[in-house]
Amino acid sequence: MFTNKHTKFWRERKINWEQDYLLADGAINHPHRQLIINALAQLQFRSVLEVGMGAGSNLVRIKQQWPAVEVGGLDINRDAVLVASKYLKGAKYLDVGDPRDIFLSDKSVDIILSDACLIYFGSWEVKKALRDMKRVAR
């Protein structure tokens, strides 16, 4: 279950999001980010939403690869969202939010991405998050 302990930990986590999640050696160029880029290269899309984006490393990489793609994201940590907004100035949507209740219209995004966010949820909460991701996906 996404416990109160997990919620409190991630919501209140005080780290240097910019340094640790974007600028640290290997952070933005971690090999798994290239796997995401490779998977996206097989698809046609105009927009991506990342659920649990942290400071936005995946979205920054996506914008580097496809500058015209609209990106957006949400995270439970306000500081992480503020850092992401610094690096994703043209983002259509950056917000503090919960994956189980995404504040977007139905069928408003081509691709929904989540990278190590749902591991903090129990099976019922994962189903709720996936249901809401499916709702906003085209």
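Predicted model: local features only at pLDDT ≥ 70, side-chain atom pairs only at ≥ 80, totals over all residues.

Me: What makes Trp-17 and Tyr-21 an aromatic pair, and why is the pair called tilted?

Reply: Rings of Phe, Tyr and Trp (its six-membered ring) pair if their centres lie within 6.5 Å; planes under 30 degrees apart are stacked, over 60 edge-to-face, and the rest tilted. Here the centres are 4.8 Å apart and the planes make 35°, so the rings pair and the pair is tilted. A search of the whole structure finds four aromatic pairs. Ring pairs also link Phe-9, Trp-10 and Tyr-120 into a cluster.

Me: Where do Trp-17 and Tyr-21 lie?

Reply: Both are in helix H2 (residues 17-23), four residues apart, about one turn of the helix. Helices (H or I, at least four residues) and strands (E, at least two) are DSSP runs, numbered from the N terminus.

Me: Are Trp-17 and Tyr-21 buried, exposed or partly exposed?

Reply: Buried means under 20% relative accessible area, exposed over 50%, and partly exposed in between (1.4 Å probe, protein chains only). Trp-17 has 2%, so it is buried. Tyr-21 has 27%, so it counts as partly exposed.

Me: Why is Arg-33 called buried, and what does it touch?

Reply: Arg-33 has a relative accessible area of 11%, so it is buried. Arg-33 is found in helix H3. Contact means heavy atoms within 4.5 Å. Not counting residues up to four places away in sequence, Arg-33 touches Ala-27, Ile-28, Ser-57, Asn-58, Arg-61 and Asp-115. Among these, Ser-57, Asn-58 and Arg-61 are buried residues of H4.

Me: How do you know that Arg-131 lies over the face of Trp-124?

Reply: A charge sits over a ring if NZ of Lys or CZ of Arg is within 6 Å of the ring centre and within 35 degrees of the ring normal. Arg-131 is at 5.7 Å from the ring centre and lies over the face of Trp-124.

Me: Why are Lys-107 and Ala-116 called exposed?

Reply: Lys-107 has a relative accessible area of 57%, so it is exposed. Ala-116 has 52%, so it is exposed as well. Lys-107 lies in the loop between S3 and S4, and Ala-116 in the loop between S4 and helix H6 (123-136). Lys-107 has a positive phi of about 50° although it is not a glycine, and phi of Ala-116 is near 65°.

Me: Why is Val-96 called partly exposed?

Reply: Val-96 has 28% relative accessibility, so it counts as partly exposed. Val-96 lies in strand S3 (residues 93-96). Leaving aside its neighbours within four places in sequence, Val-96 is in contact with Asp-75, Ile-76, Arg-78 and Val-81.

Me: Which helix gives the most to the lining of the largest pocket?

Reply: H2 does, with three residues. By class, the lining of this pocket has 14 nonpolar, seven polar and five charged residues. Ala, Val, Leu, Ile, Met, Phe, Trp, Tyr, Cys and Pro count as nonpolar, Asp, Glu, Lys and Arg as charged, and the others, Gly among them, as polar.

Definitions and conventions
Residues numbered from 1 in each chain as written. Heavy atoms only, no water.
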